[in-house]
Amino acid sequence: RRLDRMLRSPEVPMHKVIKLLEGDPALVQRVWSRACGAAYLSPPPNFHAAVTRLGFDELWRIAMSTCMYDAVFRVRDFQSEVNMLRTHGIIVGEVAAWLASGDKGQVYLAGLLHDVGKLIVLQAASVKPNERAPSYELVMEVVAQYHAALGVAVAEVWKLGDDVAAAIGFHHAPEILDDHQKITQFVRIADIATHTA
């Protein structure tokens, strides 16, 4: 969230971005990995050059997708479902950003987190060993009914903005919105395309 705020400011101080990134080993690893990829002839000479090579837009995407591997995405009893949610969100974010023009960051974030409400339900249904867990069918029914509304609550708590909250809440029915319809349609199309593929 700190990196997101920093990258949204009109004047982005590179030295502060580098310092913030260096404090997170997972981000450093992902930035190095991307900057040394097959798309480039040689690896960057240092971390500063790696960040410069990727640019702020790519750096932001790396940071947002890295969040998907945080401890919050480790849920006892439902880890395979959570892993699928994570992968699906990353792909939907990429596809939605590819479809969009202009401010792709918000579209990517909305696609990345469009099913975050499902995670909330799965976390709530996860119990300690030797405790009685709800049935899988009940959990999936609650996921189907409430994940969009819970996703909006998460977007509000995390202060992700109205566009992202609307896209999360209405990604199954963007046509009923008056405002924020475009971003929501990008997420809906990306969601359908990803499920179809």
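Which residues are exposed on the other side of α2? H15, K19 and E22. Exposed here is over 50% relative accessible area, buried is under 20%, and partly exposed is in between, with a 1.4 Å probe and protein chains only.

Some ground rules. This is a predicted model, where local features need pLDDT of at least 70, side-chain atom pairs count only at pLDDT 80 or more, and totals for chains, interfaces and linings use all residues. Numbering runs from 1 along each chain as its sequence is written, and side-chain values use heavy atoms, without hydrogens and water.

Back to helix α2, residues 14–22. Helices are DSSP runs of H or I, at least four residues, numbered from the N terminus. The buried residues of α2 are V17, I18, L20 and L21. Down the helix axis they fall within an arc of 165°, so they line one face. That arc is taken from the directions from the axis to the C-beta atoms. What covers them? The cover includes α1 (2–8), α3 and α4.

Next, the cores. A nonpolar core is a set of buried Ala, Val, Leu, Ile, Met, Phe, Trp, Tyr and Cys residues joined through side-chain atoms within 4.5 Å. The largest one has 42 residues. L21, V31 and L109 have the most contacts inside it. Helix α4 gives the most to this core: nine residues. Take L109. Leaving aside neighbours within four places in sequence, L109 is in contact (heavy atoms within 4.5 Å) with R8, W60, M64, L160 and V164. A second, separate core has 10 residues, including V82, L85, V121 and V143.

Now the rings. There are two aromatic pairs. Phe, Tyr and Trp rings (the six-membered one for Trp) pair if their centres lie within 6.5 Å; planes under 30 degrees apart are stacked, over 60 edge-to-face, the rest tilted.

Pair one is W32 and F47. Their centres are 6.2 Å apart and their planes at 45°, so the pair is tilted. W32 sits in helix α3 (residues 25–35) and F47 in helix α4 (residues 47–67), 15 residues apart. W32 is partly exposed at 28%; F47 is buried at 9%.

Pair two is F78 and Y136. Centres 6.4 Å apart, planes at 20°, so this one is stacked. F78 lies in the loop between α4 and α5 (79–99), Y136 in helix α8 (residues 136–157), so the pair ties together parts 58 residues apart in sequence. F78 is buried at 5%. Y136 is partly exposed at 40%.

Notes:
Helices (H or I, at least four residues) and strands (E, at least two) are DSSP runs, numbered from the N terminus.
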